[in-house]
Amino acid sequence: MKIKVGLVQFSPKSYNIKNNIKESLSLAKRAAKKGAKLIVLPELFDSGYCVEDKDDEFAINFSEDSYTIKKLKEFCKENDVYIVASSIQKEKTKLYDSAYIVSKNGILDTYKKTHLWGDENKRFERGDSFNVFEINFGNAFVKVGIGICYEIGFGEIAREFALKGAKILIYPSAFGKQRLYVWDLASRARALENGVFVLACNRSGKEVSKLNGKILSFAGHSRIINPKGEIIKEIKDKSGVCVVNLDLNEVDLQRENLPYLRDLNLTLFRG
């Protein structure tokens, strides 16, 4: 089975939801025109990453049609696509850094970030589960696992997704330029270890932290990686899109050639 996927890389601006959504969907339109049926946006693409002083104001109740969700749903309906995005989620009095899958009918599934980076621990609650999601591409259901940014470095999560049947791992991110070497190695390692495709979607540009006034520079380098750990296509440090046609049969072939999942002795880890 083959499916076309796309990544959107751009530089969201703090607080500027309408412009961020407009810019991201303009780029997503380019990906859709190239045939992408699954399009990934960066972490906190709508509010911007550095809105620490107004997290509550920019948080979304996922059970309601916010401006963000309404626009994403309209886009999915007009272009017959799925979008994986990330926003601040409000659930009662708690805030989460969450990713979600949107279709023409609205949000299908959500994931709350379970491993928070640095000052995120002051801003958000931790999620307490990571599930595999199924996306219906018409001729088949495809299982995907979703992690967020920092979590690309946790091989345990990726392995759990693979053991549950995921063939694609997706990481909406706001990964810093200072640790580009981590992004480069971890993204490829997660693909190779598990025999999966990795869609690592990062943002570019800079924002100023409202907690300490420091300038945060983001790494870009959004990339699509095959099950051998090879980068198929990548955006460097500017805004743009990349679209790739994935042959999911490569997952099964790689897992036969390098049978990590088959030979993993789970009794050592799970009793």
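This is a predicted model: local features need pLDDT of at least 70, side-chain atom pairs count only at pLDDT 80 or more; totals for chains, interfaces and linings use all residues.
Colleague: What makes C76 buried or exposed?

Modeller: Its relative accessible area is 1%. Buried means under 20%, so C76 is buried.

Colleague: And is C242 buried or exposed?

Modeller: C242 has a relative accessibility of 1%. With the cut-off for buried at under 20%, C242 therefore counts as buried.

Colleague: How do you know that β12 and β13 are paired strands?

Modeller: Two strands pair if there are at least two bridges between them. Strand β12 (residues 223-225) and strand β13 (residues 231-234) have three, in the antiparallel sense, so they pair. Within this pairing, R223 stands opposite E234 in β13. The two strands form a hairpin with five residues between them, and G229 in the turn has a positive phi of about 85°.

Colleague: What makes β6 and strand β7 (residues 141-146) a pair?

Modeller: The same cut-off of at least two bridges applies. β6 and β7 have five bridges, in the antiparallel sense, so they meet the cut-off. F133 stands opposite V144 in β7.

Colleague: Why are β6 and β13 said to stand at the edges of the sheet?

Modeller: The sheet is open, with six strands in the order β6-β7-β8-β9-β12-β13 and mixed pairing. β6 (132-136) and β13 each have a single partner strand, so one side of each is left without a neighbour in the sheet. Neighbouring strands here are turned by 20° against each other on average, direction ignored.

Colleague: Which strands does helix α5 lie across, and which does helix α6?

Modeller: Helix α5 (residues 155-163) lies across β6, β7 and β8 (168-172), and runs at about 140° to β8. Helix α6 (residues 180-194) lies across β8, β9 (197-201), β12 and β13, and runs at about 30° to β12.

Colleague: What lines the largest pocket?

Modeller: That pocket, with a volume of about 640 Å³, is lined by 26 residues. Those nearest its centre are Y49, W117, G176, R179 and L216. The elements giving two or more residues to the lining are α4 (120-123) and β11 (215-217). β11 gives the most, with three residues.

Terms used: Residues are numbered from 1 along each chain as its sequence is written. Side-chain values use heavy atoms; hydrogens and water are left out. Buried means under 20% relative accessible area, exposed over 50%, partly exposed in between (1.4 Å probe, protein chains only). Helices (H or I, at least four residues) and strands (E, at least two) are DSSP runs, numbered from the N terminus. Axes are lines fitted to C-alpha atoms, for helices over the stretch in contact, and angles run from 0 to 180 degrees between N-to-C directions. Contact means heavy atoms within 4.5 Å. On a 1 Å grid over the protein atoms alone, a cavity is a set of points where a 1.4 Å probe fits but cannot get out, and a pocket is an open set with protein on both sides within 12 Å along at least five of seven lines; lining residues have an atom within 4 Å of a point. Grid points are joined across faces, edges and corners, and a volume is the space filled by probe spheres set on the points.
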